[in-house]
Amino acid sequence: MEHLPVEVIGNILSRLRAARDVVIASATCKKWRKAWRYHLHSLSFNSNEWPVYHDLTTSRLEIIITQTIFQTTGLQSLSIFMDDVDEFSAAPVIAWLMYTRETLRQLHYNVRTTPNVNIIEKCGRQRLEDLVLAHNSITGVEPSYQKFPSLKSLSLSYVSISALDLSDLLTACPKLEILSLINPEIAMSDAQATMELSSSSLKDVYIEAVNMDKFILEVDCLETLHLKDCTLEIFELISKGALKILKIDDVSVIHLDIGENTENLQVVDVSSFTIMWPKFYHMISKSSKLRRLRLWGVVFDDEDEVVDMETISVCFPWLTHLSLSYDLRDVVLHCGLQGSSHLENVFVLELGWTVINDLFAEWVAGFLERCPNLKKLVIYGVVSEAKTHEECQILANFTSSIVRLMRKYIHVEVQFEYE
C-alpha cells in the first residue's frame, strides 16, 4: 500500500463518498491524510446513511460539515442530504458553497436554511454539470447574469419557484440535457395561466406531481418524456420528432398532444391512465420502429374500445415486448384478438388482470397463438387476502388451464407475479 501514488489513494477515498467513512479511512497514515486534503473528489453527508446525524444539534452538524469540507481543496462532487434535520443557518451553508464552487462539477443539496439561500445565485457562472435541489426556494433568476454554461442535468424536488423563473432558469442552461421536476410549488402570475418551458438542448424530461391547467413543453431534441402522478387539463409537446421513449403513469389529462412527428418512438409505456384509444393510437400509429408497448391498468374512455391486435401487428412490425393489463370483457376477447396476423418479433409477453375471470386463460391462449417466436410469458395478478369459494375455484381453474396450455409451448419460459 505504501507504494500507491497519492492520487490513486485520493480516488479510493472518493469512491467511499460517505464523509464518515472517508474521515476514518484518511486516518490510516500521513500519506492517506495528504490524499484526503489534496486529491479527494467526492464527499457526501447523508442523514439516511448515518443515523447519528439525527442525534446531533444543528450547530454541531454545521461545525462538523464545515471542518470536513474545509480540509479538502478540490472537491468535484458534494452531496448534503439532511432530511428531517432542523434548519441550518444561512452563513455556514454560504461558506460551503463559496469554498467549493470553483471546482464543483456535481452538487446534491437538500438542506433547509434560515433565511433561504439562493443556490442559483451562489453557483452560477461556474463549472457545475449536475445540480440536484430539494426543499428550497428559487427567486429572481437573471439568465443574462446567472449563467450555467456547463450544466447538463437539473433536478428540482419540492422546490418553490415561479413559472417565469423556471423558464428563465432553462434559458440560463444552454447545454442542459436532463430535467427532473418533482412536486414543485410553481407560482403562476395572474396574467400567466399557462406554463411554457422551452429548450433547444433537452433530451430527457421527467415530470412528477405537477398540477396545472396548461403545460406546453417546446423541446427540439427531446428523446425521453415521463409524466407521473400529474393532473393537467392540457399537455402539449412541441418537438422535431426525436422522441424515443414515452411513459405516462397515473396521469389525469383532458387533452394530450405529443405532436405528429412520432416516427422515432421505440418505447410507449402507459399505466393507470384513462385514454381514448383511437385518438391515442393515432398519435403513435406512425411509430414503425416501436419495440416496446405497455398498456397497464388502462381504462378506456369508451366501453366499446379495445386494443386491436391486428392493427398493432401491422403498424408495429418490430415490436419485441408487449405488456397488456386491463379489465377483460367479452368484447375484448372476441374483438381484441380478431384477425390472423402474427406478432412475429414479440419474444417477451406480459399479461395481467385486476379481477380474474374465466376468460383470462382463453385470452392468454389467443396471444400465444399470435406470438410464434415467444421466449418468455409473464402473468401478473392481484390476489386478495379474503377469497370466496367461487373465487378460489376460478383461480384453480385458471392454473389448470395454464398448465394444459403450456404443454403445447414447452419452449416458452413462464413466470407468475402475484400481489
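E362 is partly exposed, with a relative accessible area of 47% (partly exposed lies between buried, under 20%, and exposed, over 50%, with a 1.4 Å probe and protein chains only). The residue E362 belongs to helix α12, which spans residues 359-370. Together with D358, E390 and E391, E362 forms a negative surface patch (patch residues have over 30% relative accessible area and no salt bridge, and like charges are joined within 9 Å). A salt bridge here is a side-chain nitrogen of Lys or Arg within 4 Å of a carboxyl oxygen of Asp or Glu.

The model is predicted, with local features requiring pLDDT of at least 70 and side-chain atom pairs pLDDT 80 or more, while totals for chains, interfaces and linings use all residues. Residues are numbered from 1 along each chain, and side-chain values use heavy atoms, without hydrogens and water.

The protein chain has 419 residues, of which 47% count as buried. Its secondary structure comprises 13 helices and 26 strands (DSSP runs of at least four residues for helices, H or I, and at least two for strands, E). Along the principal axes, the C-alpha atoms fill a box of roughly 70 × 55 × 40 Å.

Two loop residues were also examined. S201, in the loop between β12 (194-199) and β13 (204-208), counts as buried at 14% relative accessibility. A polar atom of the S201 side chain lies 3.3 Å from the backbone oxygen of P174. Q266 is placed in the loop between β18 (252-257) and β19 (267-271) and is partly exposed, at 32% relative accessibility. The C-alpha atoms of Q266 and W318 are separated by 9.4 Å, with the two residues 52 apart along the chain.

Notes: Patches are made of residues with over 30% relative accessible area and no salt bridge: like charges are joined within 9 Å, nonpolar side chains (Val, Leu, Ile, Met, Phe, Trp, Tyr) within 5 Å. Accessible areas come from the Shrake-Rupley method with a 1.4 Å probe; for residues, only the protein chains shown count as cover. Lys and Arg count as positive and Asp and Glu as negative; His and the chain ends are not counted. The place of a charge is taken as NZ of Lys, CZ of Arg, CG of Asp or CD of Glu. A polar contact is a pair of N or O atoms within 3.5 Å; within protein, one must be able to donate a hydrogen and the other to accept it, and residues adjacent in sequence count only if both atoms are side-chain atoms.
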